[in-house]
Amino acid sequence: MQQIFNFIFKNSNRLLFLLLLGISLSLTIQSHSFHRSKIISSANFLSGGVYEKINNVNEYLNLKAQNDALAQENATLKSLLFNKKDTANVKLMDSLKGVKPGDILVSKVIHNSYNVYENYLTINSGELDGVKPDMGVINSLGIVGIVENTSKNYATVISILNKRSQINAKIKKSNHFGSLNWNGKSTGFVQLTDLPRLAMIKIGDTIVTGGQSVIFPENINIGTISKIYRDTQTNFYTLDVKLFNDMTNIGHVYIIKSKDKEEITNLEKREKDE
Amino acid sequence: MNSTLFVNTFRFILLLALQIIVFNNMNLLGYVSPFPYVLFIILYPVNGNKSALLASSFLLGIIMDLFSNSGGTHATACILLAYVRPTLFKFAFGLSYEYQTIKLNEVLTPQRFTFILLSVVIHHFTLFLLEAFQLSFILDTLLTVLLSTIFTIIICIIIIYLIKPNKR
C-alpha cells in the first residue's frame, strides 16, 4: 500500500498528464466520429455570448455589404413579383414543396469558420426559437449547412465546407443524383460525387438540392459545375461545384423546419421493421 | 509568489481573449491562422509548479476548443507541449537550466529562439494532425503547420517585445 502511494506521489505529474491526455484525445476522437453530437461545441452560454458581442461590432463594420446583399435579394423578389413569367424559373421559398410559410426562421450567423477541415457556424437562435438538430440552413443565395447542436439561445451548424457533411444533390435539369462533399481545399468549391455517367452534363450547369434529402426541400440552389473529372475505374463522375454562396461572408440565414421529415423517416423506419 | 500567480492569471485571460477576438479572425491566404496563445505555456515560470502548468494548459486548450468547435485538439496539443517543456528547456539551454534564471521575455538569443521555435512546432504539429485526422491530407497538413508556425512565431516575438519590461 505504502509503495502504491509512493508511486502515485512520485509520478503525480506523469499521471496527471496521462489523465488529461486521455480526456482530450477521447474528446478529439469523439468529435471526428459520424452521427454524434459534440460535447465541446460553441453552442453554449459562454462562447455564444462572447461571439454575439464580437459579431455586434463586426456587423456594424459590414453594414454596407449586408445592405448590398439585401438590395440584391429585394431586386430578385421584385422581379418575381412584377414579371410573373419568371416564377417558372426561380421558385419562391414559400412555394417549395414541404415548406409552409411559417416554417422558416430567420437567424443571424455570429461565428463562422472556414479555415480548417471541419468548419462550423454558430447562429444566435436556439431551442427557444424552435431550432432543432438536423434542420437545414440556407440563405438567399443557396445552402449553408445543417444544424448540429443546439442550446437555449444558440446553435451550431455544420457548414457545407466540412469533411463530415454529406448532402444529397442533383443536376437541376436532369434529376440525376449525387452526394455533395468537400475535399478541404478551397472555400469556393465543393465536390459532387457518385453522379452516374449516364447524366448529360456540361460546365456551367446548375446543381440544386435533391429530393432524397429529408433535411432540405428540393431545388435549393447550390452552385454551378466548374470542372468535370471522369474516373475510368467506376461509372461515376466527380464534379467541382462552384458555390453561389461566398462561405467566408455569411450574415443572415434562414432555418427550414421540414414537417415532412418526421413523416418520411417514420415511413422508412416502418419499411425496415417489416 | 502571489505576484507570479497574478501575472500568470492575467496572461492566461489576456492571451485567450486576444486569440479569440483578434487572431482567430486572421486568415492569411484563407487558411493560415496564428495561435499566439501558446505563449502562456512558453512564458510560464521555469521553476513553477508543473502540475499547475498541466492543469492550466488543459483549461486553456479546452476553452479554445469550446470557441472553435474542434473537439479536443487544442487541449491535446497544449498539454503535450506543457509535458515536454522541461525536455525542451534541457535541449535549448543545456542541462543545468533549472539553476539558471531564465527569463524568456528578454532579448532574443539563439537559445530562446530555439526554445520558442520547438515549442510552437510541437504544438502546431499535434494540433493540425489531430484536426485533419487523416493521413491522406498529410502534405496539406504539413504545409499548414509550416506556414502557421512562421506566422505564430512572428506574432509571438512581436508580443514578447511589446510586453518586455523596460528597465535600464
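**Confidence**

The structure is a predicted model, and chain A has a mean pLDDT of 80, with 87% of its residues at 70 or more. Over residues 85–90 of chain A, however, pLDDT stays under 50, and the model has 5 contacts beyond four places in sequence for this stretch. Where pLDDT is low, the predicted coordinates should not be read in detail.

**Salt bridges**

Side chains of opposite charge can pair when their charged atoms come close.

| Pair | N to O distance |
|---|---|
| A:Arg164 and A:Glu148 | 3.5 Å |
| A:Glu218 and A:Lys170 | 2.7 Å |
| A:Asp205 and A:Lys173 | 3.4 Å |

In the salt bridge between A:Arg164 and A:Glu148, A:Arg164 belongs to the loop between β5 (155–162) and β6 (167–171) of chain A while A:Glu148 sits in strand β4 (residues 143–150), so the pair ties together parts that are 16 residues apart in sequence. Both A:Arg164 and A:Glu148 are buried.

A:Glu218 and A:Lys170 also meet in a salt bridge; because A:Glu218 lies in the loop between β9 (206–209) and β10 (221–230) of chain A and A:Lys170 in strand β6, this pair ties together parts that are 48 residues apart in sequence. With a relative accessible area of 32%, A:Glu218 is partly exposed, whereas A:Lys170, at 2% relative accessibility, counts as buried.

A:Asp205 forms a salt bridge with A:Lys173, and since A:Asp205 is in the loop between β8 (189–196) and β9 of chain A and A:Lys173 in the loop between β6 and β7 (177–181), the pair ties together parts that are 32 residues apart in sequence. Here A:Asp205 counts as buried at 8% relative accessibility, while A:Lys173 is exposed, with a relative accessible area of 56%. Salt bridges that share partners join A:Lys173, A:Lys202 and A:Asp205 into one network.

The crossing of α3(A) past α3(B) is right-handed. On the α3(A) side the contact is made by A:Leu46, A:Ser47, A:Val50 and A:Tyr51, and on the α3(B) side by B:Leu66, B:Phe67 and B:Ser68.

Conventions:
Residues are numbered from 1 along each chain as its sequence is written. Chains are lettered from A and ligands numbered from 1 in the order in which they are written. Side-chain values use heavy atoms; hydrogens and water are left out. pLDDT is the predictor's confidence in each residue, from 0 to 100. Contact means heavy atoms within 4.5 Å. A salt bridge is a side-chain nitrogen of Lys or Arg within 4 Å of a carboxyl oxygen of Asp or Glu. Helices (H or I, at least four residues) and strands (E, at least two) are DSSP runs, numbered from the N terminus. Buried means under 20% relative accessible area, exposed over 50%, partly exposed in between (1.4 Å probe, protein chains only). A crossing is left-handed if the near helix is turned anticlockwise from the far one by less than a right angle, and right-handed if clockwise.
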